[in-house]
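Dear colleague,

I am passing on the structure below, together with some notes on what I found in it. Please read them alongside the coordinates.

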Amino acid sequence: MMVRDRRFWRLWLFMLAILCATIVLSSCTGRYAVTWQDLVSFLQGEESMGGSLFFYIRLPRIVFVVLSGAALALSGTVYQSLFQNPLVSPDILGVTSGCSLGAAIAIIYGSSQAFLVQGVAFLFGLLAVSLSLAVARFAGGDKTLRFVVAGIITGAMASSVLMLLKYLADPYKQLPAIDFWLMGGFHSVSWADIGKTLPTMLLASGILLLLGWRLKVMATGEQEASLLGINIKAIRFTVILCATLLVGAVVSVAGAVGWIGIFVPHIVKLIWGDDIPRTMPLSLLAGGAILLAADTAARTLRASEIPISIVTSMLGALFLIYFYTRKKKPL
Amino acid sequence: MNRTPSLLAKQIRLYDQKKRILENISLSITPSRIITILGLNGAGKTTLLRCLAGLLTPDSGEVELHGRPLLSYSAKQRGQAISYSGQGYLADTACSVREFVVMGVTPYLGLFEVPSSAQMEQAEEALNHLGIGHLAGKPFLETSTGERQLAFLARGLLQGTRFLLMDEPTAFLDFRRQHEFFQDLRDFVCKNDKAAVITLHDPNLALAYSDEVLFLHQGEVLAHLLRKETDFLARFEQCAKQIYSERLTLTSTKHGTVVVWE
């Protein structure tokens with residue numbers, strides 16, 4: 001145990017170092033060039049134009065991107081473990097599209113108050129995941145495929161309702177707002193957004209991290225876990241709730257950021273193996289670093305920003321091609 | 001109220017649609033003994049064991065633990081009282097054998113608690129005791145079925161329950177390990193006042209190690225024999241003949257009575 005523990009902490013610190021390096025690198029790149037020396041002087045609190053740009057525009061964006069990457073990766077990791085299915089993720093189960101639909105409804109019928117958008121997004125995400133799980137439960141056939149098909153059905157329903165909403169929306173005021181929001185992106189993130197979503201994220205990920213051992217026992221099979229005194233229904237409900245809350249919090253601010261929740265957990269599992277109490281903290285760091293790298297690329301590759309989902313989808317798709325073709329046995 | 005710890009099956013009846021699986025089964029399990037269940041394939045042995053573990057709910061009748069319906073207990077309380085290991089069960093898990101065994105302490109952990117290093121050592125000791133200490137760090141999925149059965153026993157020992165239910169625990173063990181398994185189990189059961197309920201296909205193992213034998217035939221109890229009764233051997237032979245074949249006979253040797261096939 002000791003050797004493995006030490007190996008884990010070494011890997012964890014290594015990933016933390018990568019994350020920190022990515023943060024520094026991302027801080028220095030962008031339309032407004034910031035040098036290493038500038039960064040030091042900002043942090044020492046010297047007043048300057050560059051300093052306030054950095055503190056009010058670039059830094060909150062970086063912080064929120066890291067939080068989002070961590071949240072999405074953690075959510076994907078626990079979904080995959082809970083259902084013992086490498087394809088189950090917030091995207092596949094329709095959580096992301098459900099959250100998007102919820103947010104669009106809130107924008108059209110409510111106000112753009114962050115609290116409301118976040119709440120409705122979460123509610124619809126939960127609705128979508130419940131629908132997927134219900135369909136998967138009553139469907140027969142291959143266990144892996146069942147969840148995927150159920151997710152496709154849910155996703156199709158959510159996007160058709162979304163299209164209807166867009167069709168009915170005011171083309172001058174609401175439609176651009178919805179579209180802009182659906183593309184996903186971190187360009188408008190402020191400290192206020194972080195303040196509103198951080199408590200949810202901390203609470204949900206804290207609970208998930210603490211449930212590590214229960215999740216590990218449940219990964220040996222639900223029957224085994226219930227014989228070992230685990231209240232399967234309560235744990236499963238709590239875990240789905242927390243994982244969906246994490247996605248809802250991200251989607252409510254940044255829109256749909258696809259694929260992070262499916263390919264980051266795979267990367268972590270490739271490195272460490274299937275060991276949920278350890279892969280959870282590792283996926284937090286990996287998710288933060290990868291999404292931040294993607295976001296930095298999205299805002300710097302061209303003069304005008306590329307929507308983040310374009311970058312993450314491409315990354316995710318390329319990785320999955322590698323992942324599927326390297327494995328001889330089918331998932 | 002009944003003070004002795006007990007696991008009771010009260011007139012259990014279970015049908016799969018129209019097909020009879022279990023019919024009117026009553027069984028009282030009290031500590032300090034090994035109870036084996038014999039019967040043909042499909043006689044209902046596994047189903048009965050799963051009912052006793054609370055994994056299946058009978059259509060009528062009830063399983064009671066310490067005088068209270070098993071269903072009224074929480075998963076945690078049940079996990080502290082009854083352990084169960086399924087037959088040829090392939091746990092689809094990436095954990096090591098040591099981690100698998102230490103999962104036995106889960107019913108005693110708080111919601112957010114993880115096993116302590118002392119409990120890890122207990123798991124290691126249990127594995128050493130069963131002669132598979134060298135497997136501790138090996139991935140569970142890379143072990144043989146026999147090794148897994150020993151790992152299940154180790155986990156059951158760690159779970160420390162009063163009642164141990166095991167479905168064909170020795171089916172994949174080599175000859176020596178089958179006997180060592182039962183000798184270990186007998187010591188453990190007597191010293192710690194536990195009760196083990198075991199399904200078996202080998203009447204010789206049942207004859208050699210059980211305190212009670214339950215013969216199941218087509219979902220019904222054919223006989224429930226106690227070793228301490230004087231006509232135990234005669235009735236054992238009679239039931240075994242009825243279930244398996246007339247060609248089966250009990251022969252006494254200078255090392256004890258054995259079942260042979262003529």
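Apart from its neighbours within four places in sequence, A:N85 is in contact (C-beta atoms, placed from the backbone, within 7 Å) with A:Q80, A:K143, A:T144 and A:F147. This is a predicted model, in which local features need pLDDT of at least 70 and side-chain atom pairs count only at pLDDT 80 or more, while totals for chains, interfaces and linings use all residues. Residues are numbered from 1 along each chain as its sequence is written, and chains are lettered from A and ligands numbered from 1 in the order in which they are written.

A:N85 lies in the loop between helix 3 (49-82) and helix 4 (95-109) of chain A, where helices are DSSP runs of H or I with at least four residues, numbered from the N terminus. A:N85 counts as buried because it has 20 C-beta neighbours inside 10 Å, the cut-off being 20 or more other C-beta atoms within 10 Å of its own.

The axes of helix 4 of chain A and helix 11 (residues 232-254) of chain A, as lines fitted to C-alpha atoms over the stretch in contact, come within 9 Å and cross at roughly 50°.

Between the chains, the contact takes 22 residues from chain A and 21 residues from chain B. On the side of chain B that touches chain A, the largest share, 5 residues, comes from helix 2 (residues 75-81) of chain B.

Best regards

Conventions. Contact = placed C-beta atoms within 7 Å. Helix = DSSP H or I, 4+ residues; strand = E, 2+ residues; numbered from the N terminus. Buried ≥ 20, exposed ≤ 12 C-beta atoms within 10 Å, placed from the backbone. Axes fitted to C-alpha atoms, helices over the stretch in contact; angles between N-to-C directions.
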